[in-house]
Amino acid sequence: MNEASGPLTAAARDIARIAAGLADGMDGDRQLSADVIKAMIDAGFMRHFVPAEFGGRAGTFRELLGAVTAIGEQCAASAWCASLFASTPRLVSFFPPEGRREVWADGPDAGVVCSVLPFGEAVAEKDGLRVSGRWPYISAIEFADWVIVCPKVLGDGEPELRLVVVPRAECQVEDTWFSVGMRATGSNTVVLDDVFVPAHRVGDRTAVFAGRPADPGAEPPAAPLAPLAAVNGLTFVVPALGAARGALALLSDYLGKKIRDTPVLPGVPGVAGNLATYETVLARSAAEIDAVQLLLERIADLADRQEEFTPVEVARNARDSAFAIEVLVTAVNRIFRTAGTNGQAADGPLQRLWRDVNSMATHQALQFEPTARNYTRSLFARA
């Protein structure tokens, strides 16, 4: 069976149907429906990258790509959260064994969300850290069981960056997500106020970014060992691939009906006068979306091979993810423009997909200039 069309993808199509019926309400509520989250759990998204020893699927990036794309065709916000819920448990695998056992003590479907940006601070105490800080833009936080955040550990020298995993019950959440796009992701702010984190729930941020254990003699985590920079962009761009496919399908259906149903009037160019434009838009947009999928499949396949990445491969993957979102934005904007007034209907699905793709394109991991810089420097270093 092609992993891109495996059981997770089949279940994702059912999630897409549920999300499609709830999308407008979730957009207004600024968070996903509990029904959508339950469907994600039942489908196996939360356990996708959880090691088999904890009851997980130890899944692949290629199958996740197909599943997230399927959801994104109907609801980009649901696809975004599904992608994050599936991908974030990879980070847990880099924590000490006792920490892993605690996170998955009640089973492999624990909802884990994260921010790896160092917005908080910590001070060392006996057997752990005491952490305070505010971490914005934590998607689907209301449905999480555990939260991974990054504090700077203060001491006598330069601060050190660590990752800590904290029960959702020990976090405060501030309602700060009022975005034009991706409204239903509920990407609010997590606050820790003097929370003690035991040492077994403290991880090495450098190890996560490198994709290997902090201790060279330690057993590798039972998860794909790709460095974070090699796959992080994939997590955020695949929902946009789905949304672009959804937008293209909406335009194709609309133009097909318009061409079929619009009467031909004497002396009026009508639809026939725009037929060449419609054909060009559909063909060009479809080709761009297909090309992006091929790029993303290469990223996924490299991650799934379980071999060490070269610096050039890491930089190329990040470059391709950032390039992909630029291509998708161009295609979706062209689709939206071609749909005209019909596409701009405030209660129509096309405008929501258009808003969401443009919103996703602002994510820090998908900016082309820094990825281009890292890519070219990796080439120079190899020369």
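User: Which helices do the buried residues of helix 11 pack against?

Analyst: In this predicted model, they pack against helix 1 (7-29), helix 3 (61-72), helix 4 (76-87), helix 8 (228-261) and helix 10 (311-343). Packing here rests on contact, heavy atoms within 4.5 Å.

User: What makes helix 11 mostly covered?

Analyst: The count of buried residues. Buried means under 20% relative accessible area. Nine of the twelve residues in helix 11 are buried. Among them are Leu 350, Leu 353, Val 357 and Met 360. Arg 352, Arg 355 and Asp 356 are also on the buried list.

User: How do you know that the span of helix 11 is close to the expected one?

Analyst: Compare two lengths. Helix 11 covers residues 349-360, twelve in number.

User: Why is Tyr 137 called exposed?

Analyst: Exposed means over 50% relative accessible area. Tyr 137 has 60%, so Tyr 137 is exposed. Tyr 137 lies in strand 2 (residues 128-138). Its phi is positive, about 60°, although Tyr 137 is not a glycine.

User: Why does Asp 194 count as partly exposed?

Analyst: Partly exposed lies between the two cut-offs, under 20% for buried and over 50% for exposed. Asp 194 has 44% relative accessibility, so Asp 194 counts as partly exposed.

User: Where is Asp 194 found, and what is its phi?

Analyst: Asp 194 is in strand 6 (residues 188-198). Its phi is near 60°, a positive value in a residue other than glycine.

Terms used: Residues are numbered from 1 along each chain as its sequence is written. This is a predicted model: local features need pLDDT of at least 70, side-chain atom pairs count only at pLDDT 80 or more; totals for chains, interfaces and linings use all residues. Side-chain values use heavy atoms; hydrogens and water are left out. Helices (H or I, at least four residues) and strands (E, at least two) are DSSP runs, numbered from the N terminus. Buried means under 20% relative accessible area, exposed over 50%, partly exposed in between (1.4 Å probe, protein chains only). The expected span of a helix is 1.5 Å times one less than its number of residues.
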